[in-house]
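Me: I'm new to this, and I'd like a close look at one part: the place where chains meet. Could you take it slowly and then follow on from there?

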Amino acid sequence: MTGYMLSTQLMEVDGCNRCQECMKWCPTFAVRPDRPGITPMYKNARWRELQAKSQSLRAKIFGPKPLTDDEMKVFTEDTYSCTTCGVCGTVCEAGIKTVELWEAMRPNLVKRGDGPVGKQNMFPKLVKADRNPYMAKQEDRLCWVPKDIKVQESGDIVYFAGCTAAYRQQALGVATVRILDNLGVPFAMLGKDEWCCASAMVRTGQREVMAEHAVHNVDALKDAGAKNVLFACAGCLRNAAVDWPMWYEGYIPYETMPLSVYLRERIRKGDVEYKIPLNYNVTYHDPCHNGRHLMHLKGKDWSFEASRDCITSIPGIKFRDMVRNRALQRCCGAGGGVKAGIPDLALDCAKARVKDGEEVAADIMASTCPFCRRNIMDGRNDAKSGIKVLDVVELMAASMGLDTTIPENPYTKFQEQDVLVCGPATCKVETVERKAPGKDLVGEAH
Amino acid sequence: MAFYTLGLTFNLVIFLTVIILAVWAYGIYFNFKKWGLGSTGYHDQLRNSFWLFLATWIHEAFKDGLWVFLRTVVLDVLLLRRTLARSPVRWVMHMSMFYGFLMLAALSGLGLMIDIVEHFNLLGLSEQAEMAKELLSLPFDIFGYLLLIGATIAVSRRILLKFVRDNTSAYDALLIGAVFLITVTGFYAEWMRGNSFLIGNAFEYPIYAPHFAMIHTVLAIGLFALILPWSKYIHVIATPMTLIANRGGE
């Protein structure tokens, strides 16, 4: 049962001093207060109990006790009812690296046949077959790129779009390439050589595909001559910055960078010219993967401030943070495979986040994660809230007066997102409804 | 006033001390070996080794250099920075208990050493040793009160705060209750001896003072030497080690 745990992680489980701080912040416990078992404190206690069955002093003297199906079922449900958002680790008095801990527990459950849960078990099959979770063709990776945009095959700057921007939220991809083009940035994309970042597999403990995808993507980026890889998807960024290097044995010559950081530099240099004011109350939802997961690697400025600086640079916007923000932000509920595995839990978390936005009277909740966006939109729809959900890049592109029309492509009918439609002087937010059922059983869940 | 009058001889006390320390040390070894069941790297094979756990821990602790290690020890382990960031009340509680307990344990160890010097008249320092023991009574009182304050806050939180109370397990209750009980019995044993700090002779009952001291000692040894390594109370060791290995945490 301890197979994928580091020895220091086994120590961390015993390091929990049951201060209960994690329970105050856990986003899933907040919407499932009748299930304390899903909180870190209880999960650690349960793990200790299970491990003690074979490795305690009693077990050494009297022999081990078998793990029963019932207790493993409960532990599996509790362990997978976690979005791996990491707020527990941020507030943990004992300094336990909880995200890594949960992600190390899950492969053991998968190996035993207890995990994953729900549709999560389809991740590896789909990704292995198509190299993306949407059952889409790899040849179509760039089908959404407007014809007038020049995408290079290699170069110093590579934009890693990610599967969702390529197939389901193409407005984000179009806005990104439009801005880069407008700024005169020569950039490359990997096209069919861009494989799924495999984040969903790592998060849910299904590691077998991870190594192959990590090695492939790193090699592809190296072959493209990348020195700076830009990400507009927090999930891909997290995986590229944290997980890929753990599976890649060679030298990695490039830097991974959130797109917002790159754009902020250009804003500061005075390269970005806004034309249309966006007269909206905007708040910012920090994606866990871009924020807490990266703040120790990339710094808090990159993780939290760059996106805010981009938003506040846009004329007309009245920006206001939600009560829970930055390192103590409330997770949207989509992460850790919860969106695919336990969708009702993800939805309730999203509704809680939408409520946070309503409390600051936000018209628009901006983010830099397509998965947060997807889930918050679902929560918004379920709660019948008027909040619109957009990416920071799309706000910028709209205010810059760029044409963000998505060229017709085989995936147009699967698009479902809020978009900014702009005239010469003003923009308004519209919701694009999906026109066909998507073949994305698992794709929403990172 | 010693408690050897209860049929315990000095030699027997020393013998029991050695036994208890051996059980405690084996408990720590047992846990380190249990932690050693894990691997040493993200996709390394399992090693199942006491020594490789130690090596992994040392590697993690010093990964970012000596300065970071020292900073973590001072800010996170000794000053409990992370606790202060979350709750000043809990910080006061933990600091009081941590330093109260740690210093009482250290003073007890020192007291035993002085006892040995006195008993064997090592270097002819028997008289000085007795005087030194007298000097220890004040720090014993101060750190005892510190521990009492911390234990009282801990018990009060668990009783008065609904959320904390609702999520208190039998383990939590036993640990905090035991710490509180040990502290109180320690104080009462001291008060029974008479002429106590702040209390004077209000509770003086010297005939039974050794008995109470014995109860206090057995409880303290029972909890911290015999139960601690074999239960979840191992967090007393594992938490600081975790903080150091993770360089202060997330």
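Reply: Let's start with a term: buried area is the accessible area (1.4 Å probe) that two parts lose on being put together, summed over both. Between chain A and chain B that comes to about 3,900 Å², and carbon and sulfur atoms give 55% of it.

Some ground rules before going on. This is a predicted model, where local features need pLDDT of at least 70 and side-chain atom pairs count only at pLDDT 80 or more, while totals for chains, interfaces and linings use all residues. Residues are numbered from 1 along each chain as its sequence is written, chains are lettered from A and ligands numbered from 1 in the order in which they are written, and side-chain values use heavy atoms, with hydrogens and water left out.

Now for who touches whom. Counting contact as heavy atoms within 4.5 Å, 49 residues of chain A meet 45 residues of chain B. There are 5 salt bridges between the two chains, a salt bridge being a side-chain nitrogen of Lys or Arg within 4 Å of a carboxyl oxygen of Asp or Glu. Take the one between Lys34(B) and Asp14(A): its closest N and O atoms are 3.0 Å apart.

Which parts of chain A do the touching? Helices here are DSSP runs (H or I, at least four residues), as are strands (E, at least two), numbered from the N terminus. Helix 1 of chain A gives the most to this side, with 7 residues. By type, the touching residues of chain A split into 21 nonpolar, 15 polar and 13 charged. For that tally, Ala, Val, Leu, Ile, Met, Phe, Trp, Tyr, Cys and Pro are nonpolar, Asp, Glu, Lys and Arg are charged, and the others, Gly among them, are polar.

The structure holds 26 aromatic pairs over all chains. Rings of Phe, Tyr and Trp (its six-membered ring) pair if their centres lie within 6.5 Å, with planes under 30 degrees apart called stacked, over 60 edge-to-face and the rest tilted. Trp47(A) and Phe75(A) have ring centres 6.0 Å apart and planes at 50°, so this pair is tilted. Because Trp47(A) sits in helix 4 and Phe75(A) in helix 6 (residues 69–80), the pair ties together parts 28 residues apart in sequence. Both Trp47(A) and Phe75(A) are buried; that label means under 20% relative accessible area, with exposed over 50% and partly exposed in between (1.4 Å probe, protein chains only). Tyr411(A) and Phe414(A) make another tilted pair, 6.4 Å centre to centre with 40° between the planes. Tyr411(A) is buried at 7%, and Phe414(A) is buried at 9%.

Chain B has its own ring story: ring pairs link a cluster that includes Tyr26(B), Phe30(B), Trp35(B), Trp51(B) and Trp230(B).

Pro116(A) lies in the loop between helix 8 and helix 9 (122–130) of chain A, and a cis peptide bond joins Gly115(A) to Pro116(A), with omega about 0°. Most peptide bonds are trans.
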